[in-house]
Amino acid sequence: MILSFCFIFAVIGCNRQYYRQKADTDVYHLINTAPKDERWELTDYTIQAKPESRFYDPFDPDCEPMPPDDVKAHQKMRTVYGMETEEWDVNHPHTPHVENPYWQQYLTLNDHGELVLDRKGAFQLAQIHSSEFQTALENLYMSALDVSFQRFQFDTQFDALSSLIYGTSGANKNSRWTAENGLNLNKMSVSGGEYMIGIANSLTWTLAGPKESGPGTVISMSILQPLLREGGRAIVLEELTKAERNLLANIRQMAFYRQGFYNTVVAGGRSVGMPTASGTPTGNSTGISRSGGYISLLAQQIQIQNQRSDVVSQQETQIQLLELFQADRLNDRLQVEQAKSGYLRSLNQLLEQQTDYDTSVDQFLVATVGLPPDLKVKVEDPLVDQFELMSPQLSLLQGEIADLLQEVRNDERPIPENALDRLIKISTAVRAEIVTIRGEIEKLDKAVPERIQNLKFLQERLVAIGREGDKDAYSVDEFVKRVERVHTWMPYYEKNLQVIDDLLHHVSKQDKDIIANLLHQGKIDPKSVPLLQHLELSSLLEETRKIQEAAPGGENPLESERLTDPYIREAQKDPYRHYLIRIANRLLQEVRFLSVNQARARLDTITIIPIDITPETSLKIAALNRLDWMNERTRLVNSWRNIEVAANKLRGYLNLKFNGEIGTPHDKPLEFQSSRSSLSVGAEFKAPLTRLAERNEYRTALIEYQRARRNYYRYVDEVHSGLREKLRRIQTAQLDFEVQRESVNVAVSKVILAQMNLEKPQPVGQVRTKMNNTLARDLTEALSSLLDDQNALMNLWVNYYCLRLSLCLDLGLIQLDEDGMWLDPGSMRESDYIRFTQPENSPEYPDGNPPETVADISGLNPVFPQELAEPESVNLVEQANPNENTVARNVPVTSVSPVQPVPPRKTPPEAEDSAVSDSTPLIPSQNDRRHSENTRKPTDRSTVTKRSEQVPLALSPSGRARSRSNVSQAGFAVSNPDLQTDSEPE
């Protein structure tokens with residue numbers, strides 16, 4: 001009955017859902033119970049897509065509907081090679097959707113239907129919608145499946161077999177039905193032994209012929225224990241060991257991939273390797289990060305804003321030059337055309353930048369985040385807002401003044417009725433911006449101590465590397481002077497704007513015709529004379545008064561020949577228009593000066609976070625903390641373990657065998673009898689006479705290990721080279737940033753001087769002089785230079801930000817919070833991460849530099865080529881004290897022991913895990929140095945102990961020391977149980 005039930009269960013089996021859920025349960029359990037460490041902990045791991053994801057599947061995963069198919073290819077589902085196939089499309093439901101049709105309902109849009117995208121939102125959306133990130137999660141899942149299979153090999157396995165057979169012979173003279181049922185239990189031990197216990201039951205119904213048998217039962221057992229080939233724990237457990245090690249490596253790689261994925265999304269850095277479905281993941285260098293990804297979109301926004309400001313300035317320059325030419329102040333039309341060319345070129349660049357920005361947004365959405373390009377997004381993040389040196393609001397007000405001036409200057413049309421009201425509104429808005437600028441000056445004051453500290457740090461860096469640099473760029477005194485200049489000029493600009501505002505309101509209270517008439521007659525309200533003096537109109541009024549007083553009786557002073565100055569004639573021709581133009585021009589000039597002061601305050605507030613760390617220290621930190629480096633050590637040891645596995649196959653077979661069974665008589669299926677039993681015990685030996693395939697496999701394993709060794713130190717070299725290049729670029733960027741800041745200051749001064757030359761007033765009543773022929777060129781070039789320097793400064797800062805982020809990734813110190821945002825560690829200095837426990841000028845080590853501690857290789861004698869041992873002596877260089885003169889001496893080879901054994905050190909229990917996984921020496925380092933040192937002087941136990949205390953500590957970004965093992969420059973760890981933990985860095 002039991003066997004029959006097993007037969008029915010085996011036929012029916014479990015449904016698809018059961019197997020899928022069972023696999024999920026096993027995998028999630030394996031990942032959650034893997035060795036824990038905060039550096040690679042995966043919280044809430046799952047491969048189930050969220051409902052808001054584009055690739056979320058809303059249908060039953062065990063009964064998927066058929067997606068849309070190609071028309072021609074679909075015909076092959078009906079008929080293939082002239083044969084009709086099963087109509088799957090008829091027996092299964094259909095869906096017109098490939099992506100989740102409801103994912104957009106989960107997006108949070110603003111009032112304009114836009115998705116506001118900041119750094120946090122971009123990374124979170126990328127984790128939800130990126131198919132590449134989902135693939136990495138699935139690879140980790142499949143790596144855990146391999147572990148579940150290898151563990152299953154050592155579980156007790158049951159097999160149920162059942163058959164029902166009809167047989168006949170002799171033209172139906174002998175026919176019968178036979179039912180056979182069996183249940184087998186299989187078990188493999190850790191030593192390679194295979195145990196099998198089976199129970200079989202048979203039942204025969206004879207239809208014709210003699211009745212040969214009835215029901216019967218047999219219980220059998222067999223044991224096979226290999227002793228040589230395929231025997232022993234090391235060999236039998238190797239595949240499970242590899243699978244477990246690979247799963248741990250893939251868990252670490254997933255954590256490292258997520259860190260690299262953040263770098264890719266935010267900074268556009270090269271993607272690091274993802275987990276693999278099988279095997280150990282491969283580590284790779286992260287490369288040199290340059291601005292890209294999300295941060296490049298922010299940079300493009302600032303460049304567009306700078307370009308808009310340049311367009312406004314170029315347009316106003318072109319209009320002013322045209323007016324000067326028409327007023328006979330310029331004798332060359334070429335300058336006007338040059339200015340117009342500069343304006344059109346700047347306008348075309350603005351259009352191109354806007355087009356490039358839209359394309360970049362589409363590419364970022366599709367390639368990085370995994371969203372469709374037609375999604376309306378608004379990229380908004382305060383990261384680079386500090387590089388809006390020219391306030392967008394002030395730039396907008398300048399544009400409004402320029403537009404108003406263009407309308408008023410057109411003497412072919414009447415002055416707009418609301419011209420004065422518009423000027424008053426603009427003046428009020430400008431004065432409101434003063435509050436904002438005052439707040440930015442306060443930020444500058446708060447940043448002064450940090451800026452001074454950074455400048456001193458850069459001065460020391462220049463001296464240390466012997467690099468020439470502009471002294472003003474790194475001068476603390478020059479910086480303080482710039483800050484004082486910002487404070488000094490601010491009250492002056494406020495006073496001027498207040499005067500202009502008062503004048504506008506004074507004029508608005510009177511009829512414009514009265515003002516025009518008074519100005520026309522050279523008479524004005526005395527109360528407004530100081531205001532007009534400020535607007536440089538007093539000289540015009542004084543001149544017209546003199547003309548009026550000197551005119552004969554009855555003569556119209558406006559028709560006097562003494563009015564030879566075209567400037568005066570133009571003013572008297574249309575006094576109110578002239579008045580508005582003058583006051584608008586002065587307001588535009590004051591707004592420009594105010595913008596410049598704001599730009600200087602913002603410019604000197606910008607700081608860069610200093611990094612002062614050596615390549616040697618950075619390599620040690622990376623060796624202890626980089627997760628993919630841990631995996632590379634895992635890969636190397638896996639290749640070394642393959643040698644023993646391949647070598648085991650070279651041995652012969654020597655197996656112990658045991659077989660036994662006991663049965664029952666016919667028609668008595670439960671009555672077991674000893675007479676129906678059998679037993680056999682023996683040994684089986686197969687000599688290793690033919691081992692060609694095994695020989696090749698063994699030799700391949702040796703070669704693969706040598707390749708793995710080369711790959712490992714090549715990986716270390718690549719990481720080291722990448723760190724050195726990053727640190728060089730960081731060092732250069734720190735110095736260049738101050739130079740570029742000074743370039744922006746110079747560019748601002750050039751624009752101010754050029755604009756002052758353009759707007760320089762001409763004394764009334766004097767002969768009008770021609771303006772400089774290079775005026776247009778100078779101003780256009782000054783504006784273009786300012787634009788280029790602004791963009792270069794921002795690009796330097798953005799690239800520096802990306803380099804810092806990439807450096808943290810390369811060091812294994814990048815940390816993301818619960819929302820996926822980078823926890824910026826701030827400044828990184830040598831003393832924050834490495835300290836030496838041995839004080840300087842120790843009596844034992846007068847130079848303060850203890851000899852390098854090497855790994856314990858007692859009992860290991862390295863093999864050297866014979867030709868290297870033939871010379872009678874070798875030249876050894878004494879390196880015990882680098883401060884003393886080196887002394888060369890000849891030492892006979894016969895007196896040199898290749899390796900001096902070092903007593904092994906005991907590892908404390910709490911350090912065993914880390915010593916095995918991260919810090920176990922893989923290759924003896926510095927054998928040659930060890931060779932020469934042991935020749936020069938003996939080493940006792942106390943010396944070894946004291947030397948081991950000199951290894952550095954790697955600290956976490958929070959500044960707390962972690963009990964780790966020292967790693968030499970080549971990346972080979974040296975265990976040091978004497979390190980103190982939870983100590984602050986010196």
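Among contacts in the chain between residues at least 6 apart in sequence, 78% link residues that are at least 24 apart. The model is a predicted one. The chain has 986 residues, and 44% of them count as buried. Its secondary structure consists of 26 helices and 16 strands. The accessible surface amounts to about 52000 Å², with 52% of this area belonging to carbon and sulfur atoms.

The largest nonpolar core contains 169 residues, of which Tyr262, Leu321, Trp629 and Trp797 touch the most other members. Apart from this core lies another, made up of six residues, including Leu458, Ala473, Tyr474 and Leu735.

The buried positions of helix 19 are Pro615, Thr617, Ser618, Leu619, Ile621, Ala622, Ala623, Leu624 and Asn625.

Side chains of opposite charge can pair when their charged atoms come close. The structure holds 34 salt bridges. One of them pairs Arg119 with Asp381, and the closest N and O atoms are 3.0 Å apart. Arg119 belongs to helix 5 (residues 119-129), whereas Asp381 is in the loop between strand 8 (377-379) and helix 11 (392-409), so the pair ties together parts that are 262 residues apart in sequence. Both Arg119 and Asp381 are buried.

An α-helix has 3.6 residues a turn, so residues three or four places apart point the same way. Arg333 counts as partly exposed because its relative accessibility is 40%, a value between the limits of 20% and 50%. Glu337, at 36% relative accessibility, likewise counts as partly exposed.

Glu380 and Lys378 also meet through their side chains in a salt bridge, with an N to O distance of 3.4 Å. Glu380 is partly exposed, at 41% relative accessibility, and Lys378 is partly exposed with a relative accessible area of 37%. Elsewhere in the list of charged pairs, salt bridges that share partners join Arg451, Arg482, Asp604, Glu738, Arg741 and Glu742 into one network.

On the surface, a nonpolar patch is formed by Leu164, Tyr166, Trp177, Trp205 and Leu207. Together these residues have about 540 Å² of accessible area. At least two residues of the patch come from strand 4 (157-169), and at least two come from strand 6 (194-208). Leu207 is located in strand 6. Its relative accessibility is 53%, and Leu207 therefore counts as exposed, the limit being over 50%.

Methods:
Residues are numbered from 1 along each chain as its sequence is written. This is a predicted model: local features need pLDDT of at least 70, side-chain atom pairs count only at pLDDT 80 or more; totals for chains, interfaces and linings use all residues. Side-chain values use heavy atoms; hydrogens and water are left out. Patches are made of residues with over 30% relative accessible area and no salt bridge: like charges are joined within 9 Å, nonpolar side chains (Val, Leu, Ile, Met, Phe, Trp, Tyr) within 5 Å. Accessible areas come from the Shrake-Rupley method with a 1.4 Å probe; for residues, only the protein chains shown count as cover. A salt bridge is a side-chain nitrogen of Lys or Arg within 4 Å of a carboxyl oxygen of Asp or Glu. Helices (H or I, at least four residues) and strands (E, at least two) are DSSP runs, numbered from the N terminus. Buried means under 20% relative accessible area, exposed over 50%, partly exposed in between (1.4 Å probe, protein chains only). Contact means heavy atoms within 4.5 Å. A nonpolar core is a set of buried Ala, Val, Leu, Ile, Met, Phe, Trp, Tyr and Cys residues joined through side-chain atoms within 4.5 Å.
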